[in-house]
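This report takes up strand pairing, the surroundings of a ligand, and some individual residues. The sequence and the structure come first.

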Amino acid sequence: MALQAALSLPSAISIHRGGKSNISLKHSGLFGASVSNLLKNEIKCPLIRSQEVGKMKLLFGTIRSQTATTTPAIDQAAPEAKKTLRKGTVIITGASSGLGLATAKALAETGKWHVIMACRNFLKAERAAKSVGIAKENYTVMHLDLASLDSVRQFVDNLRGLARPIDVLVCNAAVYQPTAKEPSFSAEGFELSVGTNHLGHFLLARLLLDDIKQSDYPFKRLIIVGSITGNTNTLAGNVPPKANLGDLRGLAGGLNGINGSPMIDGGDFDGAKAYKDSKVCNMLTMQEFHRRYHEETGITFASLYPGCIATTGLFREHIPLFRLLFPPFQKYITKGYVSEEEAGKRLAQVVSDPSLTKSGVYWSWNKNSSSFENRLSKEASDREKARKLWEISEKLVGLA
Ligand code: NDP
Ligand code: PMR
């Protein structure tokens with residue numbers, strides 16, 4: 001077993017079968033921090049204040065049930081059920097693998113959705129759709145490279161050329177570069193993770209807002225995938241390096257590493273932090289969209305943490321040992337693991353479940369796979385930061 005093999009390695013997980021404390025992690029290298037350090041030193045958050053490694057199971061339980069499960073409120077203003085139902089059109093970015101592909105499959109299988117798979121690698125996306133058995137009439141692959149703003153604009157033009165109503169946009173694609181020593185850059189010279197995960201999606205969502213507004217479909221939604229790792233009110237969000245946008249000075253400087261820093265907060269490059277920062281941007285952007293446009297457009301804006309899908313391509317640039325140990329670590333220790341299939345069903349719910357109509361929500365799921373409105377960290381729900389992020393991002397993508 002992978003975990004047992006790891007016992008003989010440094011930076012390994014060790015599991016003690018006997019005694020009260022049945023779990024401990026040694027050293028810090030592989031998973032970024034030792035659990036005991038996290039528990040003893042790092043975490044000041046009241047939600048996760050347990051001091052002892054021996055209480056880890058209890059702690060994980062606390063984290064997983066960090067917010068009381070609430071039944072999602074239904075927005076009475078949206079009379080979704082009353083309208084006639086044609087086939088909906090949903091655009092999913094990064095649908096060529098992982099969560100995006102599983103969501104495309106889940107939605108296409110219902111026969112109620114046509115999925116536009118917006119992908120940078122056309123052939124890979126076609127093969128992926130075939131490999132999971134999505135019927136031809138239920139999907140269209142269209143080229144989109146989020147690391148190029150020209151490509152985003154071109155995609156929107158091509159999409160309008162289809163003359164299809166656009167009902168739901170899912171901003172799902174992402175890159176994660178935890179082992180990069182130096183930053184890489186998007187076509188316009190933005191640090192790649194924030195350039196792709198945030199700025200590319202920001203432009204796409206802004207350009208498609210009017211198209212979605214015009215939709216007469218019962219579900220018109222704009223969903224931006226977030227993550228627990230960008231939320232410092234959780235244990236996962238306290239694993240160094242932590243997300244922190246600071247005063248956004250690096251972003252304001254263009255993230256190009258020439259005039260200033262490639263990091264949003266103006267600090268030195270760190271690929272893992274850049275990803276987590278980009279997820280904070282995703283969650284802030286969703287809320288800012290909600291505040292600015294929900295009432296006017298009737299669009300439901302939402303974000304989510306689908307669970308830890310430890311087997312996806314997201315970790316392709318991580319060291320092989322991490323990729324080997326991460327799934328069992330999440331399955332057996334944190335118990336935060338979900339399969340791609342289950343995560344796809346969760347995101348599909350946010351796209352099409354009539355009970356998830358409430359706008360401005362960050363959805364999560366409890367261990368029984370019931371959805372609940374989760375709480376975001378202080379930074380990920382900071383209104384002033386969201387406004388500033390919006391304004392700077394507008395300038396960077398050429399909308400202001
Ligand atoms: P994958 O790597 O499997 O999927 C990411 C997708 O994004 C791929 O299809 C990839 O395309 C695409 N992509 C990357 N760069 C670009 C680009 N420049 N233009 C267009 N598409 C691009 O990872 P996941 O499925 O895990 O990630 C999906 C989402 O889920 C992300 O937003 C991630 O942050 C989020 N998430 C994931 C979690 C997890 O545990 N895995 C947990 C929480 C959130 P290609 O196939 O060509 O590489
Ligand atoms: Mg985490 C409840 C505990 C929990 C959960 C749900 C996650 C999810 N992680 C948890 C705990 C821990 N992680 C602990 C205690 C450690 C230190 C040993 C740890 C480490 C760790 C690393 C090094 N975790 C990671 C990494 C990554 O490289 C992943 C990452 O941050 O990607 C950005 C990751 C993740 N942990 C998660 C989830 C969902 C991820 C990855 C995906 C993401 O947020 O998008």
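Ile116 stands opposite Thr140 in strand S5. The strands concerned are S4 (residues 113-119) and S5 (residues 139-143), which run parallel and are joined by 5 bridges. Strands count as paired if DSSP finds at least two bridges between them. Between S4 and S5 the chain passes through helix H5 (residues 122-131), in a β-α-β crossover that is right-handed. Right-handed here means that, with the strands pointing away from the viewer, the path from the first strand over the helix to the second runs clockwise. Helices (H or I, at least four residues) and strands (E, at least two) are DSSP runs, numbered from the N terminus.

The model is predicted: local features need pLDDT of at least 70 and side-chain atom pairs count only at pLDDT 80 or more, while totals for chains, interfaces and linings use all residues. Residues are numbered from 1 along each chain as its sequence is written, chains are lettered from A and ligands numbered from 1 in the order in which they are written, and side-chain values use heavy atoms, with hydrogens and water left out.

**Ligand 1**

Ligand 1 is surrounded by 32 residues, of which the closest are Ser96, Lys124, Asn172, Tyr275 and Thr312. A residue belongs to these surroundings if one of its heavy atoms lies within 4 Å of the ligand. By residue class, the shell holds 15 nonpolar, 12 polar and 5 charged residues. In this division Ala, Val, Leu, Ile, Met, Phe, Trp, Tyr, Cys and Pro count as nonpolar, Asp, Glu, Lys and Arg as charged, and the others, Gly among them, as polar.

Polar contacts with the ligand are tabulated below; a polar contact is a pair of N or O atoms within 3.5 Å, and within protein one atom must be able to donate a hydrogen and the other to accept it, with residues adjacent in sequence counted only if both atoms are side-chain atoms.

| Atom of ligand 1 | Protein atom | Distance |
|---|---|---|
| nitrogen | Leu146, polar backbone atom | 2.9 Å |
| oxygen | Leu314, polar backbone atom | 3.0 Å |
| oxygen | Arg316, polar side-chain atom | 2.8 Å |

On its own, ligand 1 has 890 Å² of accessible area, and the protein covers 98% of that area. These areas come from the Shrake-Rupley method with a 1.4 Å probe; for residues, only the protein chains shown count as cover. Helix H4 (98-109) and helix H9 (271-297) are the elements that give two or more residues to the shell.

**Individual residues**

Thr93 is found in strand S3 (residues 88-93) and is buried, at a relative accessible area of 0%. Buried means under 20% relative accessible area, exposed over 50%, and partly exposed in between (1.4 Å probe, protein chains only). A polar side-chain atom of Thr93 lies 2.8 Å from the backbone nitrogen of Asn172.

Leu199, in helix H7 (residues 192-213), is likewise buried, with 0% relative accessible area. Leu199 is 51 residues from Ser148 in sequence, and their C-alpha atoms are 9.5 Å apart.

Most residues other than glycine have a negative phi, and most peptide bonds are trans. Ala163 has a positive phi, near 50 degrees. Ala163 sits in the loop between helix H6 (149-161) and strand S6 (168-171) and is exposed, at 68%. Leu248 also has a positive phi, near 65 degrees, but is buried at 1% relative accessibility. Leu248 lies in the loop between S7 and H8. Pro241 is placed in the loop between strand S7 (221-225) and helix H8 (249-252). The peptide bond from Pro240 to Pro241 is cis, with omega near -5 degrees.
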